Amino acid sequence: MHFSAIEVILVLIVAFLAGMEGILDEFQFHQPLVACTLIGLVTGNLTAGIILGGSIQMIALGWANIGAAVAPDAALASVAATLILIMNGGDLTDKTQIAKAVGSAIILAVAGLFLTMIVRTVSTLFVHRMDAAAKKANFTGVEFWHLAAVCLQGIRIAIPAGLIIAIGPTHVQALLGSMPDKVADGMAVGGGMVVAVGYAMVINMIASREVWPFFAIGFVVAAISQITLIGLGVLGVALALIYISLSKMGSSGSGGNSSGDPVGDIIDSY
């Protein structure tokens, strides 16, 4: 399938927005259900985009950037996988096409980690530029370099999308299939190490006497495979309400002299 010039421009715009949203997390354009649907819409294959987006979204529900932990690249996976499916004909009756598109999305999500690491490394140069502009009270310069760094994230997705359209999905799938297992495994191990460091940084920032019990409860409950994501969400809300209740009890029991530790305030009140 070949795209018209207008369709190519619209695809690149969607890819650009999805790349930026991978960092901003404001309008969620990078989420598979949104990105795949938009790619399907601008190319006249809305149904295929929605179905593929829903399939990838179920996989990407647990993908999130936490602290320094970088999640698999949902933006690249969504945009590229949808283009591959549509350019291969977008035949929804052929389940193997959808399965191949979803498989490609998973590989692209891992490969996207490499691209985002490069962009983040380059963006550190922009930070130094912003620091130099800030020393001169050049607010326009600070804003310019900030926007440049964000736009670089958008270009990170727009360029691969353009390459897929230019060279065709067959060559892209062949390239993904030729990736050595050692490279894929290395990316997975590196991503896992970054996740561990990210969680450690978050815990180090929020760690306090009243938080550790909730962390221990969540750590144990997460190991129970029978609990669904909805169940974990309900449990999280319940624990948050318990914490809020303890905070109120601690504040009232300490005569207004709260230490910021609800459990400690309750104990001190007795």
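Rings of Phe, Tyr and Trp, taking the six-membered ring of Trp, pair if their centres lie within 6.5 Å; planes under 30 degrees apart count as stacked, over 60 as edge-to-face and the rest as tilted. With that in hand, look at F126, F144 and W145: ring pairs link them into a cluster.

A word on the model. It is predicted, so local features need pLDDT of at least 70 and side-chain atom pairs count only at pLDDT 80 or more, while totals for chains, interfaces and linings use all residues. Residues are numbered from 1 along each chain as its sequence is written, and side-chain values use heavy atoms, leaving out hydrogens and water.

Back to the rings. How many aromatic pairs does the structure hold? Six. Take W212 and F215: the ring centres are 5.6 Å apart and the planes stand at 85 degrees, so this pair is edge-to-face. Both residues sit in helix α9, residues 212-221. They are three residues apart, which means about one helical turn. Helices here are DSSP runs of H or I, at least four residues, numbered from the N terminus.

F215 also pairs with F219. That pair is tilted, with 6.1 Å centre to centre and 40 degrees between the planes. F215 and F219 are four residues apart in helix α9, again about one helical turn.

Buried or exposed? Buried means under 20% relative accessible area, exposed over 50%, and partly exposed in between, with a 1.4 Å probe and protein chains only. W212 is partly exposed at 43%. F215 is partly exposed too, at 36%. F219, at 61%, counts as exposed.

Next, charge. Side chains of opposite charge can pair when their charged atoms come close. The structure holds one salt bridge, meaning a side-chain nitrogen of Lys or Arg within 4 Å of a carboxyl oxygen of Asp or Glu. Which residues form it? R156 and D73, with the closest N and O atoms 2.2 Å apart. The pair links distant parts of the chain, 83 residues apart: R156 is in helix α6, and D73 is in the loop between α3 (46-60) and α4 (74-87). R156 is buried at 8%. D73 is buried at 8%.

Last, Q153. It lies in helix α6, residues 139-167. Q153 is buried, at 4%. Its side chain makes a polar contact with the side chain of R156, at 2.8 Å. A polar contact is a pair of N or O atoms within 3.5 Å; within protein, one must be able to donate a hydrogen and the other to accept it, and residues adjacent in sequence count only if both atoms are side-chain atoms.

Definitions and conventions. Helix = DSSP H or I, 4+ residues; strand = E, 2+ residues; numbered from the N terminus.
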